[in-house]
4 protein chains.
Amino acid sequence: MKKTYPPIYYSDYLHLEKLLTSQSTKSDEYGEHAHDELLFIIVHQAYELWFKLIIHELDSVLNMFREDIVDERNIGIAVARLRRVTAIQKLLIEQLNVLETMTPLDFLEFRDFLIPASGFQSVQFRIIENKLGLNIDNRVKLGNKNYYTMVSDEHQKVLIESEKNVSLFDAVDKWLSRIPFLKIDDFDFWEHYKSAVVQIIENEKQIILNNPSFTDEKREKQLKEFENTKDKFEALLDEDKHNDLMKQGLRRLSYTSTLAALFINLYRDEPILHLPFRFLSYLVNVDELFTTWRYKHALMVHRMIGAKVGTGGSSGHHYLMKTAEEHKVFKDLFDLSTYLIPRSSLPELSDEIKIKLGFNYTYKT
Amino acid sequence: MKKTYPPIYYSDYLHLEKLLTSQSTKSDEYGEHAHDELLFIIVHQAYELWFKLIIHELDSVLNMFREDIVDERNIGIAVARLRRVTAIQKLLIEQLNVLETMTPLDFLEFRDFLIPASGFQSVQFRIIENKLGLNIDNRVKLGNKNYYTMVSDEHQKVLIESEKNVSLFDAVDKWLSRIPFLKIDDFDFWEHYKSAVVQIIENEKQIILNNPSFTDEKREKQLKEFENTKDKFEALLDEDKHNDLMKQGLRRLSYTSTLAALFINLYRDEPILHLPFRFLSYLVNVDELFTTWRYKHALMVHRMIGAKVGTGGSSGHHYLMKTAEEHKVFKDLFDLSTYLIPRSSLPELSDEIKIKLGFNYTYKT
Amino acid sequence: MKKTYPPIYYSDYLHLEKLLTSQSTKSDEYGEHAHDELLFIIVHQAYELWFKLIIHELDSVLNMFREDIVDERNIGIAVARLRRVTAIQKLLIEQLNVLETMTPLDFLEFRDFLIPASGFQSVQFRIIENKLGLNIDNRVKLGNKNYYTMVSDEHQKVLIESEKNVSLFDAVDKWLSRIPFLKIDDFDFWEHYKSAVVQIIENEKQIILNNPSFTDEKREKQLKEFENTKDKFEALLDEDKHNDLMKQGLRRLSYTSTLAALFINLYRDEPILHLPFRFLSYLVNVDELFTTWRYKHALMVHRMIGAKVGTGGSSGHHYLMKTAEEHKVFKDLFDLSTYLIPRSSLPELSDEIKIKLGFNYTYKT
Amino acid sequence: MKKTYPPIYYSDYLHLEKLLTSQSTKSDEYGEHAHDELLFIIVHQAYELWFKLIIHELDSVLNMFREDIVDERNIGIAVARLRRVTAIQKLLIEQLNVLETMTPLDFLEFRDFLIPASGFQSVQFRIIENKLGLNIDNRVKLGNKNYYTMVSDEHQKVLIESEKNVSLFDAVDKWLSRIPFLKIDDFDFWEHYKSAVVQIIENEKQIILNNPSFTDEKREKQLKEFENTKDKFEALLDEDKHNDLMKQGLRRLSYTSTLAALFINLYRDEPILHLPFRFLSYLVNVDELFTTWRYKHALMVHRMIGAKVGTGGSSGHHYLMKTAEEHKVFKDLFDLSTYLIPRSSLPELSDEIKIKLGFNYTYKT
C-alpha cells in the first residue's frame, strides 16, 4: 500500500515567510526612500537562487564523471542536467532586461549606500567558475589582487577549498582520455585523417592565394595567420607539439583527450558516440552562455555608470568585458571545429568497428 | 560635503545566509532523495520574489492614480513601472522553460510528498489579481469554493482585505472619467465620429455580403455576428445602451471612461495624449502577458501530469486554461480596437484644440 | 586534388535582386501611402520563407521514417532536424512581437486594400499541417467550408494531393508498432506495470477522498472525472477498450504503438531508447509550439481588429483560438504522462534485457 | 460611400511565386546535395528582408529629423519606429539560434561552393551603417582595403553615394543643437550643475581612496583612471576642452548637442522632454543591439569554422568581434551616464521654466 505523507502548505513548503522578508532596503533604512532599490535587491537574489541550482546540477554531473567508470546511462542524465544549466543561463541573460528597466538616474539614488558591495563578491558564482574548472592563471584580476581577497575570511576559505576539488574540466579530461575507440584493432583512423587534413590545409592555402579582394600586403598577413592554423593542425598529429602548446598555455586538454574529442565530433552519428557528442556540445554551450551573459552585463554596466567607478571600486565594465573573453573553460573544445573535415573526406569505418559502436540488439540477431 | 555610509558586504546586503537556506527538500526529509525537487522549489521561490516586485510596482502606480489629480509627470513614471512589470512577466514566461527541463517521470519522484500544496495557494499572486482589479464574479472557481478557502485563515484575511482596496481598474476608470477634452468648447467630435462610424459599419456589411468564399448559411451566421458588432458600436454612441451592457456584465468601464479611452487611442499623436495612450497600452500588455503565462503554464501542467489530478486536488490544467480566458481585467480596453476608424476618416481637430493639446513652449512664442 | 568552383557573389547567390523586389505595396499603388504596409508584407514573407524551410526539414524526416527499417543513425539526425523545426517555431512566435509594433490604427490605413486575402490562404502552412498528419476530421472549418475552398484551383489540387501522402503521424505510428522490446523473451513487463498502475489509481483516489478543501459536491465531481482517468488507464491494458476509444475519436495511435511509446518513455535511460525518447519528445514540442503560436496569434488578431471581421471574411481570432486546441497532431503522445509511474514503482529490467538495450562495446568484453 | 478595391489573393499579394523560387542550392547544382544549404540560404534571405525593413524605418525617421523644424507629433512616431527597429534587431539575434542548429560538420559539406561570397558583401547592411552615421574613420578594415571594394562596381556606387547623405547621427546632432531650454531666461542651470558635479567628483575620489580591497599599486592606477573621468567631466563644462576631445576623435557630438542631450536625460520627467528622452534612449538601444548581434555572431562564426579562414577570405570572427566594439555610432550618448547626477543633487527648475516645459492645457487655466 502506498505511503501517505503529512499535508503540506504551499507557503510553508517554500519558506515564503523567510524568503519574502529577506529584502531590506538601505535607502529606507537611511530615510531616503529609493523606489528602485527593491528591484535591485530582488534581481540579485534571483541570481543567487539560480546560482544555487546551477551548483546543484554541476555537482551531480561531477559526481558521475569523477568516477573511474562512467555508467553509460549517466551520460544521458548528465546531458539533461547540462541542458538545464543552459536553460537557467538563458534566464540569467533575460534577467538583465529587467535590471535595465532601472535607468542610471534611478540607480544613482541609492548607489552610494552600497559601497563597497559588488557582484564580484558573489561566492556562489566563484564556486561555479571553480567547479567548471576555470584555470586559476586565467582569472582576470580585480585591483591587482586575488579574487578571493574581496570576500570575508570565512568565504575565502570556502573559495580556496573549492579550487582544490576535481573540476568538471579535470573529470572530462580524464574521461576522454579513457575512451577506447582510438586504438581498436588495426584501426588506422589517424593515418587516413592525416592525409585528409593535408588536403584541407592545401585547400585553405589556395583560398587565400586566389582571393581577388586581397591586397598583396593583406595576402601576406593572411598567409602568416594560416601558418598558425597549420601549426595547430600539425600539433594535432604530433603529441610533442601538442605538449609544447600546453606548456605555453595555448592548450589545456591532454593530447589523447583532444583526439578522443575530435573522434567523437567526427563520428557523432554512430550510436555509442551520440550522447558523448551532445555532452561535449553542452560544455561548450555552458561556456558560451556565460560569455554572452558577461558581455551583455558589461554593456549594461557601462550604460548604467558610464566611466564612473563601480560600487566595488573598479571599472566593472572593463572587468566583465575581459572575463567574457578570458574566463572560458572549454576553449579547447570550442577550437575543435578548426580540425573538422567534411564527411565526404572522412575515413569510412569498417563494418567491424561500426558494429562495436552500435547497439547490441541490432547486430546480435 | 557628501555623506558617507557604513561599508556593506554583498552577502549581508542580500541576506544570502537567510535566502540560501530557505530550500528544504521533502524528498530528503523522507529519505527518498529526488534530484529535481530543488529545481521545483527554486523555480517557485523565484516566482514569489518576482511577485513581490510586481506588487511593489503596482502599489506605486496605484498610489499615483488613486489621487484626485494625477500629476502629469507621474504618468511617465507609471508607464515606466508598468513596462517593468511586463519585463518581469516575460521572465515569468521564460521561467517555464526551466521548469520544463523536469520531465513528468522526474516529477513523479516527489510529487506525492507535496499534497495538497499547490500554486493556487500563492497569496501574492491573488493579491496581484486583486490589485489589478480582477472582477470577483469572473474568478474561476476551484473545487466549487471561493478561492480563499484554499489558504490558511491568516492568509484568508489578507486576501479578503485586498479585495476591498481600490484596484488599478477602479483608479483608471475614475481617472479616465475626469479627462476633459471630450467636451472642450463647441467640440463636436462625437458627431463627426458617429457619421464616420456609420460608414464603417456599412463597409463591414459589404465585406460580408460580397465575400465569395461564404456559403449562404455561413453568410447568414456572419451577418448575425455583425449585428452584435453593430450593437456594440451603437452602445458607444448611446449611454443607455452602454449601461445595459454593463448590467449584463458585458462592459465594466463606465460610459464616459470608455469614450475618453477611445479618444486617447484615436488622437494619441497629440502631445498631451501620448503618455496616457502608452499607459492604457501597457495595461492591456500586462493583461495579455498574464494570459500568455497562464496558457503556457496550462500546456506545461497538462504535459507534466496528463489527465491525473494536480497536487492541489484539481485538474490544474483546465483551471489555468479557463483563467487565461476569464481573468483578464482590462477587456474593455482590449476591445477598443473594434471602434477605431482609419486616420483618414478621423475628424480633424481645430487649431484651437490642437493648441490646447500641445506644449506650452511651442505655441506661446 | 580538391575541386575548385566558380567564384560566387553574395547578392547573386541569394537572388537578392529578385527577393528584394518582391514587395509591392497596395497603398502606394492606390496612391494612399501607408507606412506600415511594408512591415506587413515582409513579416508575412518571412513567415513563408520559414515555412519553406520547415517543409524541407519535415520532408527529410518523413523520408527516413517512411522506410520499413529506420536506420538507427537516422534517428539522431531526425532529432536534430525536429529540433531545428522547433528553433524556427520559436522565431515564428518572436516575429509576432515585430508585427505587434503595428498598432490597430496603423493597420486600418491599408486593411481595406487587402480583402479578401488572408493568412488562411497560406498553402505552405496547410501543407505543414498535412505533412505532420493533422486529422482531416479535426480541421476547424472556416465559413462552414472545407479549408481548401479558400485557395485557387491550382492550390486546391496541391492541398488535396498533400492529404493523400503518408504523414509523419502515420510513419511514426508504423515505426512504433514495429519496436521489438515489448515481447522480448519471457519479459513480463506489462504484468508488473499493471499491478503498479492499480496502486497508482488507488492512490489518486485517496488524494481526492482526503482533500480537505473540497465540498462534497466537488468531491463527487472530481471522483467522476477520476473514473475517466481510470478508464483511460484500463484502456492501456486492454486492447479492445483502446480500439473503442479509437472509434470514438478519442485515440488515434494504435494500441501497440501506444504501448511502445509508453515503454520508451519509461525506460528512456537505456541507451537504445534514448534517441527514440528524444524523437517522441520533439514531436510533442513541435505540436506545442504551433499551439502557442496560434494562441499568441489569436490574441494579437483580437487586439488588432477587435470584434471586426478579418480581411479573410471571418472572425480570425476565434478561428485561431480553436485551431490552437484542435489542430494538435500528437495528442496521444501528449497524454502519455497520464500513464507514467514513478521510477521507484517501475519493474526492474532483467540483466539480459538490459544488455539487449545497451551498446555492443560495453557488454561484449 | 466607401471605395472598394479589386479582390486580392494572398499568394499574389506577397509574390510568393517569386519569393519561394529564389532559393537555388549550389550543392544540388554541383550534384553534391547538402541538406543544410537551404537553411543557410533562407537564414540569410530573412536577414536581407529585415534589413530592407530597417532601412524603410530609418528613412522615415531621417526624413522627419532632416527638417529644420521637427514637428513634435513626429517625435512620438520616430520613437515608435525606432522601437520597431529594435524589435527587428531582437529577431536578428534570435535568428542566430536557428543558424546554430547547423553544426560545423554540416557546414563543411557546402562551404567550398560559396567562396568568396560572404556576409561582408551585404550592401543593405552597409547602407544601414551609413544611414545611422557610422564614422568612416572607425570602420574596421577587411583585408586592409576599404569595405566597398568587396562588392560589385554597381554596388560600390550605391555605397559611396550613401556615405554622402545626411545620416541619423548628423540629423540628431543638428536637432539637439537647436533645443532651446538651455538658455531660457536667466536660467543658471549649468552653474548649479557645475557645483553639484564638483561634489560628485570629490565623492568618486573618496570611494577610491577608502576602498580597503585595493593594493597601493592598484589604488594609484585607479586614481589615474579617475583623472580621465575628471577630464571628461571638465570637458563637459568647458567648450574648448570638448572641442579638443573632438579633434582627437574621442567625441563626435558637438558641445551644445552634448549639453542638450544631458539636459534631456536629467529632466526627462518634464512633459516636453519625455519623448526626446525616449528618442535618445532608442538610439542607444539600436546601437547596443547591433553590438550584441555582432558579438553573438562572432561567437557563432568562431564555433562554426574555428581558426579556419572564412568564405570571404578573412577571419570573420575577429572582424565581427572588432566591429562589435568599433562600429557603435552613438557612443557619446552611451557615455552620458558618466555625467548624470542624482535627482537629489539636481538643481530645481523654477516654476516659470516648469510651465514652459509643460502642456498648454494644464497651466493655462
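**Exercise 1.** Where in chain B is B:Pro116 found?

*Solution.* Keep in mind that you are working with a predicted model.
- Step 1: Look between helix H6 (104-111) and helix H7 (123-132) of chain B; the loop there holds B:Pro116.
- Step 2: Now check the bond that joins B:Ile115 and B:Pro116: this peptide bond is cis, with omega about 0°.
- Step 3: Turn to chain D, where D:Pro116 lies in the loop between helix H6 (104-114) and helix H7 (123-132). The peptide bond from D:Ile115 to D:Pro116 is cis, and its omega is near -5°.

**Exercise 2.** Find B:His15 and say whether its phi is positive or negative.

*Solution.* 
- Step 1: Go to the loop between helix H1 (10-13) and helix H2 (16-19) of chain B, where B:His15 sits.
- Step 2: Read its phi: the value is positive, about 50°, although B:His15 is not a glycine.
- Step 3: Recall the general rule: most residues other than glycine have a negative phi.

**Exercise 3.** Work out which residues form the patch of negative charge on the surface.

*Solution.* 
- Step 1: The patch gathers B:Glu325, B:Glu326, C:Glu325 and C:Glu326.
- Step 2: Helix H15 (316-326) of chain B and helix H15 (316-326) of chain C each give two or more residues to this patch.

**Exercise 4.** Describe how chain D is superposed on chain C.

*Solution.* 
- Step 1: Rotate by 180° with 0.0 Å of shift along the axis, and chain D falls on chain C with an RMSD of 0.0 Å.
- Step 2: Name the relation: it is that of a two-fold axis.
- Step 3: Compare the interfaces: 100% of the interface residues of chain D are also interface residues in chain C, so the copies meet through the same surface.

How values were computed
Residues are numbered from 1 along each chain as its sequence is written. Chains are lettered from A and ligands numbered from 1 in the order in which they are written. This is a predicted model: local features need pLDDT of at least 70, side-chain atom pairs count only at pLDDT 80 or more; totals for chains, interfaces and linings use all residues. Side-chain values use heavy atoms; hydrogens and water are left out. Copies are superposed by least squares on the C-alpha atoms of residues with pLDDT of at least 70 in both. Contact means heavy atoms within 4.5 Å. Patches are made of residues with over 30% relative accessible area and no salt bridge: like charges are joined within 9 Å, nonpolar side chains (Val, Leu, Ile, Met, Phe, Trp, Tyr) within 5 Å. Accessible areas come from the Shrake-Rupley method with a 1.4 Å probe; for residues, only the protein chains shown count as cover. A salt bridge is a side-chain nitrogen of Lys or Arg within 4 Å of a carboxyl oxygen of Asp or Glu. Lys and Arg count as positive and Asp and Glu as negative; His and the chain ends are not counted. The place of a charge is taken as NZ of Lys, CZ of Arg, CG of Asp or CD of Glu. Helices (H or I, at least four residues) and strands (E, at least two) are DSSP runs, numbered from the N terminus.
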